[in-house]
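Here are a few notes to go with the model you asked about. Have it open while you read.

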Amino acid sequence: MTQPTILVTGGATRIGAAIVRGFGQAGWHTVIHYKSSADPAQALAATLPSAEIVQCDLSDGDAAEAMVEELADRLPDWRCLVNSASVFDYDGATKLDPATNQSAMQINATSPARMAQAYLRSATSAATRCVVKITDMKLANPNPDFFSYTMSKHALGSTIAMLAKHYAADASARIYGIAPGAILASHDQTEDETDVSHLLNLLGRKTGPEEIVQAAQFLVTGALKSGSTLYIDSG
């Protein structure tokens with residue numbers, strides 16, 4: 001394995017797949033994580049010069065950590081881990097649903113934190129090792145819908161600064177966040193509804209998934225201060 005490697009959780013679909021595509025086309029070996037989207041993962045891998053797929057249910061934190069350690073053992077130039085996988089189920093500000101909350105906190109925050117810790121202690125590369133956490137613009141502009149989801153993204157966002165401070169003396173380690181705004185249709189939205197709602201930002205424009213890819217590609221260069229988050233939300 002001579003190419004730089006990237007693992008993207010939730011890499012078979014949506015924004016995760018866009019990130020996989022962008023790095024694969026740029027010459028990286030891509031590891032596409034999925035939970036149940038085996039067919040899309042295999043189809044995406046088949047379109048790229050160098051790719052593999054790996055299955056793991058991130059509701060099992062031990063399995064998520066073990067997956068990272070196994071990959072670190074055999075990938076000598078593993079340069080980036082992107083925590084993109086997420087669950088997005090509704091509960092509201094007037095009544096938190098315990099099952100929804102437990103699932104969101106585990107999959108969106110706890111397992112990504114454990115994976116980042118495992119990656120930073122076990123992955124080897126002569127280049128910069130970079131963790132990119134996909135959070136949400138709700139960190140800066142919270143609203144009361146999707147209550148547990150938003151809680152989990154705030155929890156995930158808090159790990160960026162903590163890990164960056166811990167690894168401040170390690171010039172080879174970088175921890176970043178990307179906070180997307182409205183990019184793809186979500187939950188029960190139709191495409192017609194996104195054509196209206198996705199323009200409700202300061203620039204009055206739709207934000208594209210390719211902008212998330214470009215942000216991730218910039219971050220892996222290590223040129224930005226560790227602990228930083230880029231908001232990709234058209235203002």
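**Notes on helix α5 and the cores**

1. Buried means under 20% relative accessible area, with a 1.4 Å probe and protein chains only; contact means heavy atoms within 4.5 Å. Helices (H or I, at least four residues) and strands (E, at least two) are DSSP runs, numbered from the N terminus.

2. A word on the source: this is a predicted model, where local features need pLDDT of at least 70 and side-chain atom pairs count only at pLDDT 80 or more, while totals for chains, interfaces and linings use all residues. Residues are numbered from 1 along each chain as its sequence is written, and side-chain values use heavy atoms, leaving out hydrogens and water.

3. Among the buried residues of α5 are Tyr 149, Leu 156, Ile 160 and Leu 163.

4. Now the cores, meaning sets of buried Ala, Val, Leu, Ile, Met, Phe, Trp, Tyr and Cys residues joined through side-chain atoms within 4.5 Å. The largest has 31 residues, and Ile 178 is one of those with the most contacts inside it. Helix α1 gives this core its largest share, six residues. Apart from it lies another core, of 29 residues, including Trp 78 and Val 131.

5. Where does Ala 215 sit? Look in helix α7 (residues 209–219). Ala 215 counts as buried because its relative accessibility is 6%. Leaving aside neighbours within four places in sequence, Ala 215 is in contact with Ile 178, Leu 230 and Ile 232.

Conventions: Buried means under 20% relative accessible area, exposed over 50%, partly exposed in between (1.4 Å probe, protein chains only).
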